[in-house]
Amino acid sequence: MVDRLPALLAQGEARLDAVALGLSLSPRTLQRRLAAEGRPFQQLLDATRRQLAAQYLRDVSLSLTEVAFLLGYAEQSSFSHAHRAWHGCSPQAWRSRWPADPVQLSQFKDAPQGTP
């Protein structure tokens, strides 16, 4: 399921019912299965967005509006608000703080993990 989220996010379809449909499950069945694993859908969605945001922000060819869209946010301001909650700074400040080179990136103690 997690591997389908990036594509659904970019299509604006990263809702529980859309993911369930793609897995041929009812939304309630998907909720139960995720609850059994201790991972509510919203938690999984937020973790995926956070990981993808780190990846997308390192691509300087993407505007912040494009990054927000790829993450499934209707507005850049919604993405900025979420990013501040995750990292304590705006996406623009984060982008300027982190080097594009993954080797340099790994030297920071709070560098995003699990991103190329």
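Select aspartate 17 and arginine 15: their closest N and O atoms are 3.1 Å apart (a salt bridge being a side-chain nitrogen of Lys or Arg within 4 Å of a carboxyl oxygen of Asp or Glu). Aspartate 17 counts as partly exposed because its relative accessibility is 38%, and arginine 15, at 39%, counts as partly exposed too.

A quick note before moving on: this is a predicted model, where local features need pLDDT of at least 70, side-chain atom pairs count only at pLDDT 80 or more, and totals for chains, interfaces and linings use all residues. Residues are numbered from 1 along each chain as its sequence is written, and side-chain values use heavy atoms, leaving out hydrogens and water.

Next, pick out the one aromatic pair. The ring centres of tyrosine 73 and phenylalanine 79 lie 5.9 Å apart with planes at 40°, so this pair is tilted (rings of Phe, Tyr and Trp, the last by its six-membered ring, pair if their centres lie within 6.5 Å; planes under 30 degrees apart are stacked, over 60 edge-to-face, the rest tilted). Buried or exposed, what is phenylalanine 79? Buried, at 0% relative accessibility, and tyrosine 73 is buried as well, at 11% (buried is under 20% relative accessible area, exposed over 50%, partly exposed in between, with a 1.4 Å probe and protein chains only).
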